[in-house]
Amino acid sequence: MNTLALAAGKMGIGDAGIAAVLGYAVVFVGLVLLMCVVILMGKAMAGSRAKQTQAAPAQAAPAAAAAPSAPPAPGSAGEVKLFDVPDKEAAMIMAIVADKMGKPLNELRFKSIKEVK
């Protein structure tokens with residue numbers, strides 16, 4: 001390309017085509033590099049998140065052992081003793097009772113649930 005032709009604003013079709021192709025190439029190379037950076041950052045974050053989730057159960061195990069001695073959380077009604085009733089059926093019974101009484105489940109306290117035969 002003649003720099004004098006560029007300065008004068010007179011560029012031929014061949015020169016304009018080369019300039020356009022080089023411009024597109026620069027843009028696409030930049031997009032590919034940006035895509036590589038995003039993929040690498042995603043893998044780095046996924047790796048650090050996996051390390052955090054592996055460390056969390058190890059920290060949660062001692063806390064789970066101490067949980068029974070701790071008082072129930074606010075809004076919790078404590079434990080329910082189940083006699084010959086599966087957990088799923090007990091949950092349905094508690095939900096039905098709460099619905100029929102028109103009260104939220106966390107305001108009710110169930111001490112035990114026993115199947116009558």
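Reader: Leaving aside neighbours within four places in sequence, which residues is A90 in contact with?

Author: Once its neighbours within four places in sequence are set aside, A90 is in contact with L82, V85 and I113. Please keep in mind throughout that this is a predicted model.

Reader: Which residues form the largest nonpolar core?

Author: That core has 7 residues, namely V85, A90, M94, A98, L108, F110 and I113, and its largest share, 3 residues, comes from α3. As a general background, nonpolar side chains tend to be buried together in soluble globular proteins.

Reader: Is I113 buried or exposed?

Author: I113 counts as buried because its relative accessibility is 8%, where the limit for that word is under 20%. The residue lies in strand β2, and, not counting residues up to four places away in sequence, I113 touches V80, K81, L82, F83, V85, A90, I93 and M94.

Reader: And how far apart are I113 and P86 in space, C-alpha to C-alpha?

Author: From C-alpha to C-alpha, I113 and P86 are 10.0 Å apart in space, while 27 residues separate them in sequence.

Reader: Now K111, where is that found?

Author: K111 is found in the loop between α3 and β2, the latter covering 112–114. K111 counts as exposed, because its relative accessibility is 60% and the word applies to values over 50%.

Reader: What does K111 touch, not counting residues up to four places away in sequence?

Author: With those residues not counted, K111 touches E79, V80 and K81. K111 and G78 are 8.3 Å apart in space, C-alpha to C-alpha, although they are 33 residues apart in sequence.

Reader: Stepping back, how many helices and strands are there in the protein chain?

Author: The protein chain has 3 helices and 2 strands, and, read along the sequence, they follow the pattern α-α-β-α-β. Among contacts between residues at least 6 apart in sequence, 59% join residues at least 24 apart.

Reader: Where is confidence lowest, and where is it highest?

Author: Confidence is lowest in helix α1, residues 3–8, with a mean of 57, and highest in helix α3, residues 87–101, at 90. For the protein chain the mean pLDDT is 79, and 72% of its residues reach 70 or more. Where pLDDT is low, the predicted coordinates should not be read in detail.

Reader: Back to the surface, which residues form a nonpolar patch there?

Author: Y24, V27, F28, L31, L34 and V38 form that patch, and together they have about 650 Å² of accessible area. One of them, L34, lies in helix α2, residues 13–66, and L34 is exposed, because its relative accessible area is 51% and exposed means over 50%.

Reader: What share of the residues in the protein chain is buried?

Author: Buried residues make up 6% of the 117 residues in the protein chain. The accessible surface of the protein chain comes to about 9,900 Å², and 68% of this belongs to carbon and sulfur atoms.

Reader: One last thing, what is phi of D84 near?

Author: Phi of D84 is near 60 degrees, which is a positive value in a residue other than glycine. Most residues other than glycine have a negative phi. D84 lies in the loop between β1, residues 81–83, and α3, and D84 counts as exposed because its relative accessibility is 59%.

Methods. Residues numbered from 1 in each chain as written. Predicted model: local features only at pLDDT ≥ 70, side-chain atom pairs only at ≥ 80, totals over all residues. Heavy atoms only, no water. Patch = residues over 30% accessible without salt bridge, like charges linked within 9 Å, V, L, I, M, F, W, Y side chains within 5 Å. Areas by Shrake-Rupley, 256 points an atom, 1.4 Å probe, with all protein chains shown as cover. Salt bridge = Lys/Arg side-chain N within 4 Å of Asp/Glu carboxyl O. Helix = DSSP H or I, 4+ residues; strand = E, 2+ residues; numbered from the N terminus. Buried < 20%, exposed > 50% of the residue type's maximum accessible area, 1.4 Å probe, protein only. pLDDT = per-residue confidence, 0-100. Core = buried A, V, L, I, M, F, W, Y, C linked by side-chain atoms within 4.5 Å. Contact = heavy atoms within 4.5 Å.
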